[in-house]
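Subject: Structure handover

Hello,

Please find the structure below. My notes on its pockets, cavities and helix contacts follow.

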Amino acid sequence: MSDPTAIAEFHHIENAEPDSEGFIQRPLVPLHGLVLFPNIVSPIALTTNEAVAAAEAASDLQQSVIGVAFKDDSATDINLDSLYRVGTEIALGRVLRLPDGSQSALGQGRRRVQIVDITRKDSYYTARARVLQETTGKSRKVSATMQVVLNLFKNAIDLNDNIPDEVLFYALNADQPDWLSDLVTSTLTLPLDERQRALEMLDAGERLEYVGKLLGEELSVLELKDEITGQLHQEMDRSQREIYLREQMRIIQTELGEEDAFQQELNEVRAEIEQAGLPEEVHEKAMKEYSRLAIMSPLAPEVGIVRTYIDWLTSIPWHKRSEDQLVVREAQKILDREHYGLPKIKDRILEYIAVRKLAPEQHNSPILCFVGPPGVGKTSLGKSIASALGREFVRVSLGGIRDEAEIRGHRRTYIGAMPGRIIQTMRRAGTVNPVFMLDEIDKLGMDFRGDPASALLEILDPEQNFAYSDHYLDVPYDLSHVLFITTANDLETLPPALLDRLEIIEFSGYTEEEKLAIARKFLIPRQLELNGLSKTSLQFETPALNRIIHEYTYEAGVRNLNREIANISRKVARQIAEGKRFPSHITSRHVTRYLGPAPFDEIRANDTDAVGVATGLAWTPFGGDILTIEVSVLAGKGTLMMTGSLGDVMQESAQAALSYMRAVAEDVNVPNDDFEIFDVHVHVPEGAVPKDGPSAGVTLGIAILSAFTERKVRADYAMTGEITLRGKILPVGGIKEKVLAARRARIKNIILPRQNERDLTDVAKDALNDLNIILVDTMDDVVKLVLHDAPDGERKLDKIRRERDEKETQDDE
């Protein structure tokens, strides 16, 4: 503690005498985090070797030192840039070595000095400084300020137990403003820059006002801390009083033969555990937690945590199950009543029911994955399966989940921990054998919090899920009785390990006939009921439905079709509510009136035979689509340009198609130097949509060959297949979706690789009867089918070459 009267030890040390220029020269002691004021006694830590050497030299010479603080507390280099310019002349006592090995000395501040130069001398530095003269006049204003500062300082000492009471005695005896301001500043806990600012103020009155401002801020903080401390003590006293009263209440209730509320709750928890029929391991865990709960104080914060955990253990189903309805014919009726078509999926469910009937002890359920474009009935089919089996149906949407704890739960060490989505949903189901749908499994994300897809590996593995471990429950839970069904639009995003555990069932797009049947059997009756039109005789004519399908929707499923039917139904309902005339039959004319202009062209494909333009077929996660490919040959240097957001594989297909063209150039009467003097530009419209895959190879080959030979491509043909450098056509995927896309686009002739013939069994017979499917093995087969004969006369490319050669000849002459 600073002590302005403890000067006996430093009495023999005189202040430095200024030289003829008014400067003093003394050993320099750099200070870390310390500003020493005049007349103040304080320990000084000698934090550098130079500081120790300077203190020892001053002691030997019986001289004072100059102390100045580092600007940066972590600095060690001693120079004018690293030190403040204003410091203090200090009288040092003897140097002491502390138990931790550091050294310090007691120092008394003498007067303010300003350093002008620093010089290295042996093992320490000396400073040349000018003594600063302070203004210490005592006016009426200064006297009033001193009184205010003393009052504030007294209040601060009352609130701060760290300041000894004798300091107030020293302050009351400080009759000069400079002494008082320096004493108060050295007592307060202030940042280094504020203490240095006070040191550099030479006007005692100004410094005193500054100190008063700092005292006011310090007093505000101390008063707030005192208020908070008082509230805490009051709260603790209240808690202790409540505990005392509760204990008294418990004793009184015991004397009266009654139980307290907490004991009643404990009894209820014990009863819940016994009635839940928990497995042995889980029962032991629950009783262990119950024992912890019983010895806790009712006010302990852990009570709620333990109580919630026991609630989860006792509320999820451990043995309760739904009795399966194993009548195959009845199940088939339910599936047919609620869903149109989908024979392969229905057969798989009926097979499962049959196996369950013949071998009920084998309860390993399949893990099904419904894959297909949106709107084809994947999610709704799950509900129908649960209805057919007589089980509960629960669903969890996995789209956008990025945290593994969302699946497996949080560990109980975290505040607000809870089980994962699987256990939460099992509690909602209430049975151990529900139909559990994991929707949008391909939309799972991944970030620094873990990989949710990996967390599903244990859940969706029949060899492991009989002892599934949730992080929150921390006990095994049997999921082997659950019939898991997952849905996805695209399997490419699923990890191979997860995909290996799934039984893939593909949902293809609907044909027009299927959409019409679904609309009449399901969509229209449902919308009439939802919109209050079930009592009317409103009917949708077939041409009207066909127009909605062709011109107002363009999809593999029926979601948008249902939306447009609902749109028309609402408009009719409004006419009825307003008392206006309304149609009893919806015709094509009414479709335009209610839905407005058609957003889609009925014929979206190229409908004109043209050079360098061919129609391909593509597969997307949303169903099949047609793809128009354009190729132009331009004067240039033999460069292949590709535009339209083409992926790497599709670009390689274009390069392979161009290489095939060069290989057969002589056979189609194309000079080889065409590939050196002409550029090839391949473009696929709808450039904002990314496109990739090898199945456009045959289409690219035909478009490039057409562009070079100037033979038109028949517009009524669509094709798909991968091309090799030797012109072979290899099989591709998504055949059913592509065939249906061609049919929607009114293209009758479809060229497919011969090895894809087996995939045509999945296509509806009605669709096949409307189409002319042509199977090919090589590009020669395709050329014969889709290219017109070469035009008579000279090619445009030959004309360009001839004109260029003539120009070069003229230039040479």
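**Cavities**

Tyr510, Thr511, Glu512, Lys515, Leu740, Arg743 and Arg744 line the second largest cavity. The model is a predicted one: local features need pLDDT of at least 70, side-chain atom pairs count only at pLDDT 80 or more, and totals for chains, interfaces and linings use all residues. Residues are numbered from 1 along each chain as its sequence is written, and side-chain values use heavy atoms, with hydrogens and water left out.

For the terms, the search runs on a 1 Å grid over the protein atoms alone; a cavity is a set of points where a 1.4 Å probe fits but cannot get out, a pocket is an open set with protein on both sides within 12 Å along at least five of seven lines, and lining residues have an atom within 4 Å of a point. Grid points are joined across faces, edges and corners, and a volume is the space filled by probe spheres set on the points.

Four cavities of 30 Å³ or more turn up in the whole structure. The largest share, three residues, comes from α24. By class, this lining has two nonpolar, one polar and four charged residues (Ala, Val, Leu, Ile, Met, Phe, Trp, Tyr, Cys and Pro count as nonpolar, Asp, Glu, Lys and Arg as charged, and the others, Gly among them, as polar).

The largest pocket holds about 1,000 Å³ of space. Its lining has 40 residues, and Ala618, Trp619, Thr620, Gly623 and Asp625 are the closest to its centre. Two or more lining residues come from each of α19 (559-577), β16 (613-620), β17 (623-635) and α24 (735-744). The largest share is that of β17, with six residues. The classes are 18 nonpolar, 10 polar and 12 charged.

In the second largest pocket there is about 800 Å³ of space. Of its 37 lining residues, Glu506, Phe507, Ser508, Lys736 and Asp762 lie nearest the centre. At least two residues each are supplied by α11 (343-358), β13 (503-506), β16 and α24. The largest share, four residues, is from α11. This lining divides into 16 nonpolar, 11 polar and 10 charged residues.

**Helix contacts**

α17 also packs against a helix, α18 (residues 542-552): their axes come within 11 Å and cross at roughly 115° (axes are lines fitted to C-alpha atoms, for helices over the stretch in contact, and angles run from 0 to 180 degrees between N-to-C directions). That makes α17 roughly perpendicular to α18 (65 to 115 degrees; under 35 is roughly parallel, over 145 roughly antiparallel, and the rest oblique). In α17, Glu512, Lys515, Leu516, Ala519, Arg520 and Ile524 meet Thr542, Leu545, Asn546, Ile549 and His550 of α18 (contact means heavy atoms within 4.5 Å). These residues divide into five nonpolar, three polar and three charged.

Helix α10 (residues 328-338) and α11 pack at about 155°, with axes 10 Å apart. α10 is therefore roughly antiparallel to α11. Val328, Ala331, Gln332, Leu335 and Asp336 of α10 make the contact with Lys346, Ile349, Leu350, Ile353 and Ala354 of α11. Seven of the contact residues are nonpolar, one is polar and two are charged.

Regards
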